[in-house]
Amino acid sequence: MSAVQTMNPLVQVRDVHKSFDQLEVLKGIDLDIMPGEVVVILGPSGSGKSTFLRCINHLEAINKGFIAVDGEQIGYRLRNGRLEKLSANGIARQRRKIGMVFQQFNLYPHMTVLQNIIEAPVGIHGESRQDATRNALQLLERVGLSEKAGSYPRQLSGGQQQRVAIARALAIKPKLMLFDEPTSALDPELVGEVLATMRDLAKQGLTMIVVTHEIGFAREAADRVVFMDDGKIVEMGRPDDVIGNPQHPRTKAFLSRFL
Amino acid sequence: MSRLDPSRASPSGDAPFRDVATAHAPFRSGRLILWAVILLVAANFAWIVAHNENFGWPVVIAYFFDPTVISGLYVSLGLTVVAMALGTILGLVLAIARMSNDRLANSLAALFIWFFRGTPLLVQLIFWYNLSTLFPRLSIAIPFGPVLASWDTNSVITPMTAAIVGLALNEAAYMAEIIRGGLLSVDRGQTETAEAFGMTRARALWRIIIPQAMRSIVPPTGNQLISMIKATSLVSVIAMADLLYSVQSIYNRTFEIIPMLLVAVIWYLLITSILNIGQSYIEAYYGRSERRSKADGKPALTATAVQEASH
């Protein structure tokens, strides 16, 4: 226990508020995530969980509070005692240790699978093409798509595309992985292969934040389940407690639809 | 009634239902006759044109490779290449400025496009050519401050520079809108992904967005290039010896107006035909990821690379 207590959280979120015009989507989020932790965020549509995820790597700017990843405040820096907005390039630099997997996969359609994976390592992280290729092929093996290295995304099924997208995000050796509803755009029979890949990653100690509707995945793979509703965290804890024995009426109502 | 019985639709059923694999296309005699008539009319028209002395085909042949014509052709081609290249580069800059959130860049680009698309190219060319009557000297200076360098306008603006500047700036205004349309056609998720991976805006544009935008940029750009070849004929008004100007200079001497114009027409057609072929190759290149071939590009290479990686 003492080891855990002395470790600093990888992600620190304090009183985060976010509005789109008049609509307040996040109404004060507080959350600490330890290195190696797998956090699954559940909640009904419109509860703000995807927006919250996108705030963590500053795809959305927050209006109040702060978010820090690996000890660095995201999107801002302290200079002469005053907080100033980072330049676009400064934000880009912060994002380089955070991997992200999108609902719509968003593979680069004009590049082959291999080119998709080595694009960031070679172009941004300065790895040699040879090392990046070797690493990419190992990652493809890990997600079970070794023979697809030369294919274009369009030639793959949705499940295969999402596994490539996961390999692409892993290729930058991220400290944190964000999954934004990674199985929501998939046909039901393809969901399993993606979840299996993610379960593997969870076991290997990668820090993950997963927004999903897959209760089964949350139960098996999560260290902690966060239930969001109406822009707030209403319940949070071990999956057995939150899913098995929910306390808050909103959590109960949400989970009852999956039983 | 019995013909509607669905059980009869089985392959083992009666004669009316047979496997479509045995089907053949019926012979359509009407279509064949139509083809024959059209070909006959076309052949007859070609024969009439070829034997019409007013077209002066011997003159066309005699002057087709005339040195004056060929040098005019080079001028037209050179102007097209240079003006198009400058126009495309400036157009890209304008398109990016037009799409940026920066109010200043955005309005300057909009103003440029508004002006150069909104005035006739012929008038723009004449203005550039006569710039010295508006500004006798061109200077680089600090605004309201000292002059750093200065040139006589007439030494800077020759017919050649006036033609290049006029054509390129006009082209840039059109290319800006074509490129902007192409950039907008790329899925928003692509920009977002590039951002999430920590790419700078310039890199995201160059590696992710522009290659995808090319599919919708290339066809209208081919159109612009062909327009540009023909637009270069406008520079004959500012005494630039392009293809049209060259044939004009010959028929002013020989009065063989129609044959000489035919020489120019055939050259223009030849160039645009070559450009069309080039365009289809470029389109095929940028559409390569669209093909749904199951055969992977380099299966052998991948296999060896996997082996290498497992060592």
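Biologist: How do the residues lining the largest cavity divide by class?

Modeller: In this predicted model, residues are numbered from 1 along each chain as written, chains are lettered from A in written order, and side-chain values use heavy atoms without hydrogens or water. Local features need pLDDT of at least 70 and side-chain atom pairs 80 or more, while totals for chains, interfaces and linings use all residues. The lining (residues with an atom within 4 Å of a point on a 1 Å grid where a 1.4 Å probe fits but cannot get out) is Arg142(A), Val143(A), Leu170(A), Thr197(A), Asp200(A) and Leu201(A). With Ala, Val, Leu, Ile, Met, Phe, Trp, Tyr, Cys and Pro as nonpolar, Asp, Glu, Lys and Arg as charged and the others as polar, the division is 3 nonpolar, 1 polar and 2 charged.

Biologist: How much space lies in the largest cavity?

Modeller: The whole structure has 1 cavity of 30 Å³ or more. Helix H7 (residues 188-203) of chain A gives the largest share of the largest cavity's lining, 3 residues. The space in the largest cavity is about 40 Å³.

Biologist: Which element gives the most to the lining of the largest pocket?

Modeller: The largest pocket (an open set of points with protein on both sides within 12 Å along at least five of seven lines) holds about 920 Å³. Its lining has 27 residues, with Met99(B), Arg188(B), Thr191(B), Glu195(B) and Arg201(B) nearest the centre. By class, these are 14 nonpolar, 7 polar and 6 charged. The most, 5 residues, comes from H3(A).

Biologist: Which element gives the largest share of the second largest pocket's lining?

Modeller: The volume here is about 740 Å³. Its 28 lining residues include Ile210(B), Met214(B) and Val218(B), among those nearest the centre. The largest share, 11 residues, is from H10(B).

Notes
Points joined across faces, edges and corners; volume = space filled by probe spheres on them. Helix = DSSP H or I, 4+ residues; strand = E, 2+ residues; numbered from the N terminus.
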